Amino acid sequence: MNLPVQLLWLIPALPLVAAGIGALTPRGGRPIAAGAAIAALIGSFILSCLALKTALVDPAAHLTANFSWFDLGTGTFRLGWLLDPLNAFMCVMVTFVGTLIFIFSLGYMKEDANFTRFFCFLSLFAAAMLGIVVANSLLLLFVSWELVGLASYLLIGFWFHKPEAAAAAKKAFITTRIGDLGLLLGMLWLYDRTGTLLFFDNGAGCLEAGALAGLSSATLCSGLAVSTAIGLLIFCGAVGKSGQFPLHVWLPDAMEGPTPVSALIHAATMVAAGVFLVARVYPLMSADQALTNVPLHALTVVAAIGAITALMGAVIAVAQNDIKRVLAFSTVSQLGYMMLALGVGSWVAAIFHLLTHAFFKALLFLGAGSVIHAAHHEQDIRQLGGLGPKLKVTFATFAVGMLALAGFPFLFSGFWSKEAILHAAEGWEVSHLPLIAGLIAVVLTAFYMTRLVSETFFGHGRSHASEHAHESPAVMTVPLAILAACSVLIGFVGTPAWPWLQSQLTGEPVHPHGWFEGAGLMMLSILLVAFGIGAGLAIYARRTRVTASQRDPIEAKAPSLFAFLGARMKLDELYAATVGKVNSALAVVSDGLDRYVWAGIVNFLGRLGEFAGVVYREADEEGLNGGFDTGSETLREAGKVYSRSQTGDAHAYLRALAVGFVVLVLVITLGGLR
Amino acid sequence: MNAFPWLSAIVFTPWIGALILALLPKLSPAASRGLALLFSFSTLAFGLLAASGFNASQAGYQLVEQHRWISSLNVDYHLGLDGMSLLLVLLTGIVSPAGLLASWRDERDTRLFGLFFLLLQGAALGVFLALDFFPWFLFWELSLVPAFFLIKLWGGPGATRAAYQFVVYTIGGSAFMLMGFAAIYAATGTLSFVQLGQLAAQGQLVAKLSSLSGFWPTAVFLGVFLGLAVKVPLFPFHSWLPPAYAEAPTGGSMFLTGVMSKMGVYGFLRILWPLFPTQLHAAAQPLLWLALGGVVFGAFAAMRQTDLKRMVAYSSINHLSYCLLALFAVAAAGTTNTAATSSALSGALLQMFNHGLSASALFFCVGALEARSGGLRGLNDFGGARTAAPVFAGLCGFAMFSSLGLPGLNGFIGEFLIFRGVWGLTPWAAAVGCLGLFATALFLLTFWQRVFHGPRKGAVAGEFADASKLELTVLVPLAALMLLFGLLPQLLVGLFNPLVATWASHLLP
Amino acid sequence: MNLILVLIGGLMLTAAAVAMSLRNIIHSALLLIGSWLGVSFFYLWAGAEFVAFAQVLVYVGAVSMVVLFAVLLTRRDRQDVVVAPETRTRAISALLVGGSVAGLLVSAVLGTPLATGPAETPTLTVKDLGTLLAGPQAAGLLIAGVILTVALLGAVVLAATDSGKEDAS
Amino acid sequence: MTTLQLCLVISSLLFCIGLVGALSRSHTILVLLGIELMLNAANMNFIAFWRFGASPTAATGVLFAIFSIAVAAAEAAVGLALVIAVYRHQKSVRLEEANRLKG
């Protein structure tokens, strides 16, 4: 059974309906809201599988269903759905991981008063995310993109009564919106140049050869190809959403949301949307590759940003003490990997890593959620410890996730996808710096994950919470087990020996290369992983922490560096001191201009009018604050002099009238004025 | 042509209501409220009837009523409906009853309030439908009187000053406009927008004005421009707006922002642009800067406000400046890019409608907060209101996100089309304008965070009721409309698209 | 012919001048009635009978009565109708101003060559006037009617004693 | 001196008597009466011009005089009502004391 592309909209529509149901369900209707959400997502999952089947019939084809949204002048504005292997895989991943996280949330959020609202928001998020995936129009993608931002805002701020959560939600929305403005501008430019925002439209779409040729042949005054500029603007959106340097600051704060949210949004799916976006518009991003006379290729920037992010995230993660923040920075780092892969030209590797990462990072976050749930909402790893024996299932699955993330060789999915990226980076002709950054990040990743696991699960409980921890219920552990299994298995669809995923994504057969091609790099990275894990075990597992207040071994060696990393390289402070200041300065200036200058000018003009006799007193009073005190005083004095002649004596008026008449007549007759 | 004078019915039914209220001085408050609401609803009913009889594929005026009025002055009573008018009539029909409902609980002289409100509504409708300057200007000026009294008598502590400021500025502006039209009449002998438009299209209007004296075309253009710019308001002629909006009663603020501010934009599109295309083209570059100033300064100034009503007022300046940005970009560029032009104009029209919905909903929400806190509406007087009133918070969120331009709600598509058009015509203006989008998000989210999130404090600490039935009656339909027009903009675009297409194709180079 | 005019004029002017200089208002008012009668004689002499009757009715009949009522209503005791003598400066300045205006007007009248029409008295019957007022001048008539009505109402409103205030004072 | 000029001189003198009265007297009623005299003088001019003017058939002067008398009546009524109102308020009929409109 296949899913025709015309019915593709059902995939996002089902969760959307569930969100509507959730919104209208009163607080008591927990089973209705949760049931609707989970059932809808399972339905979407089934449809996604059918869609994948449809897409794989001819992997090279882009199936589209376009429709008119509204009339625009003489034409119409069109939107559409798209089905190709890229988004079919994404759909399956999002719905599958999403379903498991929804189920996990049943247990995790059991006690929350706003349970129904939570599922409403989760469904809204899923709908928007699926909307991004199936859109065949950059505008539709942007719409869903912003709705994802909204859902993320609502979910991060789910415990909005906590000021930190409310602030984090706002920060996430604003930071991503900065990137989105770039995306918006890129979209406007693209639309203006190509006259369409449909990706594929039987040869007329903006990602098809005709449009791209026009875009890459035109250049700006700086010598940049137009396609490069548009690509970079669109990439801004991805930078914001995917937590890339320098807009990554919102992602760690987003951990204020409930843990399933962190798992779903800030690990598995939403942050991957940026990577998906770049992969989706990859023809546009790479349109300038053939040009040799341009100063900059769009993908070079992508690779650079990706490499910086991968390294930075890994470095900062080493010095974090909050279990979720470690994972958050590891997410930043892994997303950097994906961007790196896109930048060096292998979007397939990026998508492969995106898929595997979604599984094991969701696993890790849910595992962390299980730990937090068990330890009565204690998130500081210094306060935890010794949880291994108490939370057997959680520990086992968390370990699987950790090994996958660290890239433990052969068995785990993370290894294969990371190898694919490093392999692609090695093959990049422009520079080997991304490869070096990636390799350093490999060591660090292995190291900080080992540190995390050692601190959390080994040794002795260091607080009341960790000593009295108990295993989570089955509704939470079963999803963990499923995700763990997937984290292992999913890697095998894209090994160098059997690159099925790669060939399906590109739509052309990829020849498996032999074991020894690239084996040197593989050996190197295996060694690095081993070194990282070994170092982590040596430092943290051999002598486990005894008390919560004990200093971290690295902190003891290099306190200022550790503090600097712990404060996330002070980037937030930097932004507060620059962007924040500029913003508030602009606001002060605008307000001041408004209060004093504009009002002053208009009041001044108003006062000129008054002098001619228009509503004297009212406007005079209001002018006093205008900074034109002197002017108004003068005018007021003039008015007083004038008003002195208004004696109120009727005789005087009459006399003045008569004298005036005589004088006038005399002037006219004697003066000869006729 | 339909024999029944639909348009006169639209304009004068509210006035009949006002007359009835005036003639029944002994009417109880409840009855006068009900009566006012009934007559206020007539606009929506007649508007929908007119829309059902409206041939949307046609660009010209429909349901035209033309009668000789003052033959010695060559003045006609001339009403006509095109897509733009219909859009604004429907907007008036939606916002006015909502505005009346917003002041439903105000016990101060209910009968008089309804009376003034209906007068104001009828005058605004007259402005949107009149096709001859004489009746148009009458309606235009008549709208000031009830607005003045609504602000002065039912407003806050600073209302008297705000009301005088409002009236003095607007009358000051329209005096110049009247002067301009006097000159036009002296030169051409007609005041009909249609005939003047034809003259202008043939280039004869300017020629005739020049025959009076060389400086008249520019002087008249500036006069008319000033009258309209004060009304919109265009930065920097806006300084009357924040106090007026802030001091007016909630219903008055809703009407002022939802409908009256549209009168200015409507004037720009209906009068200034068709009559003075060359002058507007020549002046468009500096005007673009002014519109951008409104976009950016409005948003940033809103960020600094601690009074919620003032904040929404500044955001109105920001949103209306987008409309003018689109128009000025079109005027600056001429016909170079038809697709961008029609996009910008469609966007401006949509933005007018959408801003009317979302800004009046925001004012309603602020008014509801004010009612709960006993008159407080400072940014820092609240906290954690979402805990206390989740439904109310959700509906406010609708209004806020719509105003912020969230895709999927109505605000987005207008702004997108404006930016798309402006980008195609003058890219730098679109790039600068993005700053305004960013700042809007920033201050609206700050508002939301301070008032609704965090622990309960300030006015929310005590008893704080969730949305009442009355509030639901207003907010739920508004929210539903926001969602509807966000998802199906064709419902609105279909009304005016032929008009936009004609505009775009008939532009002077 | 001109002799009659001079007589009428002399009578009228004298009455007016004396009326304006008397200290007793009642006497002034009575003398003014004489002056107004003189004006109506002038109208009769000029052949405008209808205007003359109107002048008698309105001024001699109505306005003088109103004046007397006003005088009686605004005095506190019997002596109050005799007003205090005016200050010298005011009288002198009034005479100066009035005299200069008079000089100006008279010299202007005498110095201007005025076109004159036929010498015979034009015939204008009341019927002619009625036709004119009901026909071409109907608007004027209506407006005058409205003004009179409004003035009547206004006068009543102004002069009506507010019972509450009356008690207070 | 033609008859017309004589009429005009008489009316001018009447006007000036009224003016002097209005200017010199402080009793409000007398001021009003002075003004009435001035109005009468104007009416005399209308009639004089009608009678001796270029086109007596037009009857404009007569009509004007009639309207003027009507308006004068209205003026007298309102003026005297004002005098009474002011008197009630201030207990005085002296014009100098009714100067509340002083700026």
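This is a tour of a predicted model, stop by stop, with what to select and what is found there.

Residues are numbered from 1 along each chain as its sequence is written, while chains are lettered from A and ligands numbered from 1 in the order in which they are written. Because the model is predicted, local features need pLDDT of at least 70 and side-chain atom pairs count only at pLDDT 80 or more, whereas totals for chains, interfaces and linings use all residues.

**Stop 1: chain D**

Select chain D. It holds 3 helices and 0 strands, in the order α-α-α along the sequence. Helices (H or I, at least four residues) and strands (E, at least two) are DSSP runs, numbered from the N terminus. The radius of gyration of chain D is 17 Å, well over the 13 Å that the globule rule gives for 103 residues, so this chain is more spread out than a compact globule. That radius is taken over C-alpha atoms, and the rule is 2.2 Å times the number of residues to the power 0.38. The C-alpha trace of chain D spans about 50 × 25 × 25 Å along its principal axes.

Colour chain D by burial next. Of its 103 residues, 59% are buried. A residue is buried if 20 or more other C-beta atoms lie within 10 Å of its own, exposed if 12 or fewer, and partly exposed in between, with C-beta atoms placed from the backbone. Among contacts in chain D with a separation of 6 or more, 50% join residues 24 or more positions apart. Two residues are in contact if their C-beta atoms, placed from the backbone, lie within 7 Å.

**Stop 2: where chains C and D meet**

The contact takes 64 residues from chain C and 62 residues from chain D. On the chain C side, α1 (2-21), α2 (25-46), α3 (49-73), α4 (88-111), α5 (126-134) and α6 (138-159) each supply at least two residues. The largest share, 12 residues, comes from α4(C). By class, this side of chain C has 49 nonpolar, 12 polar and 3 charged residues. Ala, Val, Leu, Ile, Met, Phe, Trp, Tyr, Cys and Pro count as nonpolar, Asp, Glu, Lys and Arg as charged, and the others, Gly among them, as polar.

**Stop 3: the other chain pairs**

Show chain A beside chain C. Here 6 residues of chain A are in contact with 5 residues of chain C. The chain A side of that contact has 5 nonpolar, no polar and 1 charged residues.

Now show chain B. No contact joins chain B and chain C, and their closest C-alpha atoms lie 17 Å apart. Chain B and chain D do not touch either, with 21 Å between their nearest C-alpha atoms.

**Stop 4: two helices of chain A**

Select residues 10-24 and 30-57 of chain A, which are helices α1 and α2. They pack at an angle of about 180°, with their axes 8 Å apart. That makes α1(A) roughly antiparallel to α2(A). Axes are lines fitted to C-alpha atoms, for helices over the stretch in contact, and angles run from 0 to 180 degrees between N-to-C directions; angles over 145 degrees count as roughly antiparallel. Residues in the contact include A:Leu14 and A:Ile21 of α1(A), and A:Ala40 and A:Leu47 of α2(A). By class, the contact has 15 nonpolar, 4 polar and no charged residues.

**Stop 5: the nonpolar cores**

A nonpolar core is a set of buried Ala, Val, Leu, Ile, Met, Phe, Trp, Tyr and Cys residues joined through C-beta atoms within 7 Å. The largest has 450 residues, and A:Phe125, A:Val275, A:Ala362, B:Leu325, B:Ala326 and B:Ala329 touch the most other members. Helix α15 (residues 347-374) of chain A gives the largest share of this core, 20 residues. A second, separate core of 82 residues includes C:Val51, D:Leu8, D:Leu19 and D:Tyr87.

Centre on B:Ala329. Leaving out residues up to four places away in sequence, B:Ala329 touches B:Leu288, B:Ala344, B:Gly421, B:Val422, B:Leu425, B:Thr426 and B:Ala429.

**Stop 6: backbone details**

Go to A:Pro246, in the loop between α8 (226-241) and α9 (250-253) of chain A. The peptide bond from A:Phe245 to A:Pro246 is cis, with omega near 5°. In chain B, a cis peptide bond joins B:Val232 and B:Pro233, with omega about 0°. B:Pro233 sits in the loop between α10 (216-231) and α11 (241-247) of chain B.

Finish at B:Leu63, in strand β1 (residues 62-70) of chain B. B:Leu63 is not a glycine, yet its phi is positive, about 55°. B:Leu63 is buried, with 23 other C-beta atoms within 10 Å.

Technical notes:
Parallel < 35°, antiparallel > 145°, perpendicular 65-115°, else oblique.
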